[in-house]
Amino acid sequence: MYQEDMADAVSFLFGVIEVSKSRNKQQYDWFYRKPAWRKCRMIALERDNHLCQHCLEKHDIFTPADVVHHIVYVETDFTLALQLDNLISLCHACHNKVHEEDEKRFRNTKKAKRQRMIESKKIKVVKL
């Protein structure tokens, strides 16, 4: 029920937003200053007992969470921005690791696509 209310709140407060692939870092700063995000962030932290979920799952360590991370990034799918099941509480160190891993994965994907493009240009199409 609450998830549906939050989804409605996103639509009502922010409307439909066109997401640009060439966004700058500040493009969604306005969102993080809104009361709807602050409330959702607090609910996520309370749900996770203000503990870093990665430290807890991977190392059995109780580390205070100071960041609420979007599993599916806001710029990827804005409609999930206030969905509690898309949020995870993390400590600052784990949050940085998650972003580093995502960046590496993206870089590798981009590199692989570029390599495939180069290889496909080497192939000559022969018409019969």
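What is the mean pLDDT of the chain, and what share of its residues reach 70 or more? The mean is 78, and 65% of the residues reach 70 or more. pLDDT is the predictor's confidence in each residue, from 0 to 100.

This is a predicted model: local features need pLDDT of at least 70, side-chain atom pairs count only at pLDDT 80 or more, and totals for chains, interfaces and linings use all residues. Residues are numbered from 1 along each chain as its sequence is written, and side-chain values use heavy atoms, without hydrogens and water.

**Confidence along the chain**

The chain has 5 helices and 2 strands. These are DSSP runs (helices H or I, at least four residues; strands E, at least two), numbered from the N terminus. Their order from the N terminus is α-α-α-α-β-β-α.

| Element | Residues | Mean pLDDT |
|---|---|---|
| helix α1 (lowest) | 2-14 | 51 |
| strand β2 (highest) | 87-90 | 98 |

Over residues 15-23 the pLDDT is below 50, and this stretch has 9 contacts beyond near neighbours in sequence. A contact means heavy atoms within 4.5 Å. Residues 120-128 also stay under 50, with 0 contacts beyond four places in sequence.

**Around H69**

H69 lies in strand β1 (residues 67-70). H69 counts as buried because its relative accessibility is 5%; buried means under 20% relative accessible area (1.4 Å probe, protein chains only). Its side chain makes a polar contact with the side chain of H95 at 3.3 Å. Such a contact is a pair of N or O atoms within 3.5 Å; within protein, one must be able to donate a hydrogen and the other to accept it. Leaving out residues up to four places away in sequence, H69 touches N86, L87, I88, L90, H95, V98 and H99.

Notes:
Buried < 20%, exposed > 50% of the residue type's maximum accessible area, 1.4 Å probe, protein only.
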